[in-house]
Amino acid sequence: MLNAKMEAALNKQVNAELWSAYLYLSMSYDMDDKGFCGMASWFAIQAKEEFEHAAKFMEFIGSMDGKVKLMPIDEVRQEWNSPKDAFEDTLLHEKKVTAMIHGLMDLAIELKDYASQSLLKWFVDEQVEEEDTARKYLSALEKIEKDSAALYLFDKALGKRED
Ligand code: MG
């Protein structure tokens, strides 16, 4: 059985993961508008991953005999000045998500909720990867932002991400 406090916190995380999906979908369409098809495709896959994160939390709440509560999703930003701007925002956002996951882990430890700790361990590892990827791409974009040929190749490379 899920503690009521844990159930509420996990439902809040479902909303946060769905918001992340909205954010990356918005980035995907903005990159597409700006002619960066590779990055548009990368962000679309990223959005899909966020929907999967939300699903993972929802399935867990369900299997723990909890109640999934779907709350309204806040509006997301619709435009970024450049790909570098979008990846800056991505890194900033993933750092916030990491802090949220760590907060959930703190609560699960406090409540001696071992099942939630086990689920959250997966998300702790996932966040290490998410931040690392965002940092890597941001650092590349900082180097090439004024070189349109390099930017073209970067966009093409990101377009190769598999679904
Ligand atoms: Mg996520």
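**Magnesium site and helix packing**

In sequence, the donor residues of the magnesium ion follow the spacing E-x32-E-x2-H. Donors are N, O and S atoms within 2.8 Å of the metal (3.2 Å for Na, K and Ca); water is not among the atoms, so sites may look incomplete. The model is predicted: local features need pLDDT of at least 70, side-chain atom pairs count only at pLDDT 80 or more, and totals for chains, interfaces and linings use all residues. Residues are numbered from 1 along each chain as its sequence is written, and side-chain values use heavy atoms, with hydrogens and water left out.

The magnesium ion is coordinated by Glu-17 (OE), Glu-50 (OE) and His-53 (ND1), at 2.1 to 2.2 Å. Helices are DSSP runs (H or I, at least four residues), numbered from the N terminus. Glu-17 is buried, with a relative accessible area of 1%. Glu-50 is buried too, at 2%. Buried means under 20% relative accessible area, exposed over 50%, and partly exposed in between (1.4 Å probe, protein chains only).

Helix H2 (residues 37–63) also packs against helix H3 (residues 83–110): the axes come within 13 Å and cross at roughly 10 degrees. H2 is therefore roughly parallel to H3. Axes are lines fitted to C-alpha atoms, for helices over the stretch in contact, and angles run from 0 to 180 degrees between N-to-C directions. Angles under 35 degrees count as roughly parallel, over 145 as roughly antiparallel, 65 to 115 as roughly perpendicular and the rest as oblique. From H2, Met-39, Trp-42, Phe-43, Gln-46, Glu-50 and Phe-57 meet Pro-83, Ala-86, Phe-87, Thr-90, Glu-94, Ile-101 and Leu-104 of H3. Contact means heavy atoms within 4.5 Å. By class, this contact holds 9 nonpolar, 2 polar and 2 charged residues. Ala, Val, Leu, Ile, Met, Phe, Trp, Tyr, Cys and Pro count as nonpolar, Asp, Glu, Lys and Arg as charged, and the others, Gly among them, as polar.

The axes of H1 and H3 come within 11 Å and cross at roughly 170 degrees. H1 and H3 are therefore roughly antiparallel. Their contact divides into 17 nonpolar, 4 polar and 5 charged residues.

Val-68 sits in the loop between H2 and H3. Val-68 is partly exposed, with a relative accessible area of 28%. Not counting residues up to four places away in sequence, Val-68 touches Asn-11, Met-58 and Ile-61.

Notes: Helix = DSSP H or I, 4+ residues; strand = E, 2+ residues; numbered from the N terminus.
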